[in-house]
Every structure is written in structure tokens, then in C-alpha cells.
Amino acid sequence: MRKLVILYSCLILAVFAGCSQPPKPSNKIILWHWMTDRNDTFQKLAQEYKQETGIEVDIQLFAPSDAYSQKIIAAAQANVLPDIYGILDKKSIVADFIKAGLVADLTNDMGANGSQWENSLFDKALADRRFDAGNIYGVTPGIYGVPIDVTNEQMLYNKKLLAKAGIKTPPETFDEFIKDSQMLKRVGITPFVSGWGELWLLDCFASNYAFNIMGEEKIFATFRGEVKYTDPDWIKVFSLFAGLRDKGVLIDGIVTKGNKYAEQDFALERAAFSFNGSWCVNVYHDMNPNLDYGVMPPPPMNTSYPLRIWGSAGSSFVVNAGSPNKDKAIAFLKWLTAKQQQVELSRETNNLPSNKEALLGVSPILEEFAKGMDESTHPNIWPLNEDPSVAEAFDKGIQDIIIGDKTPLQVAQDVQKVKDFQSSKGNH
């Protein structure tokens, strides 16, 4: 995928830029998206917008997400991108789109009227498509996208199962979590499930505790090659997973379990705790409307550094910089992220709104997720990220620890070997 994007963003787009006739301005905006769970609500909101403004918004769904991404690539090559679309990839790929002239800079629009629009949205969500001065991508500083919802990943707990084990309140520390897990096991309840067959979710959980154990500066120093993965603090991160394994906290087969299967396990009360994202509210409701559960941050191990959770824009749209309807497209996205529409979108889809003022209209369980946004972070807003090969070795190494194939020290040494090799090639 990355090779394809680099190919068109650096070469092919230059060829195609003038090959097709540009569309003329009209009262019709075209929006492409991939979100099957939100399509009906988008269509409904588009009708409301047409009644209010006379502007037609043609909402076009292309799913699944992989097929959508391929369509975006083809449309970019042919210079036929719609007025509004989303980019489903990491920030470096978003930067490629921007530098190719395919994404409008919304900084002035966000900053109008005393930054009213910008200030209405969660800052952590805006950061997903914001490029600051001196960014490593070489993008002109600015805001290049509009978040329509936000998400974060936290722990879930089943209130009924905890009560069955005699646990009155959810754990507030990691030691309490281990203790509660033993109480659950004694009454035949599996303590914890998560979709750790998907490396990104395992990486998310591990980075939460890395932030808590050593702080963000040491993490970024590691990415720069100034700290080794054999450092005692990284050994503590790896050892955390050995401890979860040895104490029987984890559901059997967790390293091969996809997240949708982990969601079924928790929804059907096969485990008392889970680690998942705020989108799960909608998933669990469909699987078990009577599920009685709560939200909590992963219980910290250390009091010296805060425990950060991953949180950012859930879904974002960008505006085609070459669209003759650019101003109309921006106006629609401003309307879509206003309080009233955000409340409606959240109620219909069980997703956290990107507009802070719309939180008053969300369900209690989503409100619990929203409380975590202040302590959130995300790779898309970090000053730098680890080399993908090193990150893969890190995550697969944790899987090896969980199944007992390697010790924390062995994994640390393996990851450092990959790091050293990548550094010798000039990668950070």
C-alpha cells in the first residue's frame, strides 16, 4: 500500500494533474466514505442540510475500508477525487496527499470568529490532522482535516461478574487488578480478554504501560536510538506480559484472537475485563443489549508518570483542495460538526462526538469514555514514531512472551537487534 501511495503522490499525480477536465461549481457536494454503521445517519443529515441550505450532499459509501482506500488511490491518480473524502492511513500518508495538493488547508476557516470552530472540537482529535511548525513530514503548518467523532481505548469491566466474585469496585492500581483477577478465577470466571491477535491493539496496551513505567521522554529517546530496549524499564514492560501469563489473567488463545471475537467474549460474559475502544459501545449493544458494564483506564503500575491511553479522531474528513465547491464543502463539515448535528450523530451511532459541547447528549457509558480524552495520546500526534520493523518485532515478541516461547530479556535483545540493523541503514 505505501509503495503505491508514494508512487502516485511523487510521480503519477504530476502526470495526471491536467489530464481530466475539472468539474464546474455547483450546488451539489460529493462525499465519499467507508462507514457502513453511519451511512443511514449521514444520509439523514444530508437531507436536513439540503432543507436548510438548498445544497445537495451526495453521500456515497464504499466498503469495506480496504476497497475504499484503493478507490481513493485510483481517484487521486485520475484527478477525480470528490469534494470531501477521508484518508485511511498513517500520518505520513496524509502528508503525501497534502504535499500532492489534494487536501485543503482549513486553518483560516477553523480560526475564524475567534477560532470558534476550532475551539468547539476536541484538541486531541484535531491533532490527528494538524501539522505543527517543524513537523518531520515537511508539511506547511496547518489544520488539514475535520474530525467527525473521537475514540479512545480503555478497559471495560462487567459489573455482574465482578459482583459474583465479591469485588465491589473496579481496581484502581495494577496490583489490585491482579488481586481481583485471582478472585475471579476462584469462582470460575476468566479475568481478561482482548483482541491481541491484532498487533495494533496489543501495541496500544503495551505503550500505555510504557508511558506509565518510564515516561514519554524515555520512549522517544528509545525511538531515536538513545536508549536501548534492553534497558531495565523496557524489561519491566515486557515482564508485565509474563506476569499476566503466569498469573492466569489472560483468556486462552489471546494472541490469536481477533478483536471481533474478543468483543463477542466480553459481550457474552465469558470474561470480566476487556481492553477495547469506544466503538465497542455500539458493538456490545448489538451483541447483548442487557450487558451491564463500566469503563476504566488501565490500572497504573507506577505513580511517577501518568498512564496515557490512545485517543484521537475516530474518523476524519478532508476537503479536496482542487474542488470548485471547496467553500461549500467546508461549510457542510462545519455544520456537521456543530453541536446539534453531533448530538444526533452520536445518539444514532453510539460514537463519541468530536464537538465537546455535544457530550451533554451522549449516553452515560460514552460519557465515561469521554473522560479519558484529557489523558489521551496517539502515534499520529507523537513527534516521531518507531521504525515499523522494530515495532513489529516488539509486538510479536510480546506475543512470544505470552505463549511462553521467549523470556522478556530474550525479546528485548531480539528487538534491539532489529533496532540496531535499522539504525545501520539510516532509519531512526
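Mentor: Start with the term salt bridge: a side-chain nitrogen of Lys or Arg within 4 Å of a carboxyl oxygen of Asp or Glu. This is a predicted model, where local features need pLDDT of at least 70 and side-chain atom pairs count only at pLDDT 80 or more, while totals for chains, interfaces and linings use all residues. Residues are numbered from 1 along each chain as its sequence is written, and side-chain values use heavy atoms, with hydrogens and water left out.

Trainee: What makes Glu386 and Lys419 a salt bridge?

Mentor: Their side chains meet at 2.8 Å, N to O. The cut-off is 4 Å, so the pair qualifies.

Trainee: Why is this pair said to tie parts together?

Mentor: Glu386 lies in the loop between β12 (376-377) and α17 (388-402), and Lys419 lies in helix α18 (residues 408-424), so the pair links parts 33 residues apart in sequence. Helices (H or I, at least four residues) and strands (E, at least two) are DSSP runs, numbered from the N terminus.

Trainee: Are Glu386 and Lys419 buried or exposed?

Mentor: Both are buried. Buried means under 20% relative accessible area, exposed over 50%, partly exposed in between (1.4 Å probe, protein chains only).

Trainee: How do you know that Asp231 and Lys218 form a salt bridge?

Mentor: Their N to O distance is 2.9 Å. Asp231 sits in the loop between α10 (216-223) and α11 (232-246), and Lys218 in helix α10, so the bridge joins parts 13 residues apart in sequence.

Trainee: Why is Asp231 called buried, and Lys218 partly exposed?

Mentor: Asp231 has a relative accessible area of 18%, which is under 20%, so it is buried. Lys218 is at 22%, between 20% and 50%, so it counts as partly exposed.

Trainee: What makes Glu392 and Lys396 a salt bridge?

Mentor: Their closest N and O atoms are 3.0 Å apart, and the limit is 4 Å, so they pass. Both lie in helix α17, 4 residues apart, about one turn of the helix. Glu392 is partly exposed at 38%, and Lys396 is partly exposed at 41%.

Trainee: Which residues are joined into one network?

Mentor: Lys218, Asp231, Asp233 and Lys236, through salt bridges that share partners. The structure holds 22 salt bridges.
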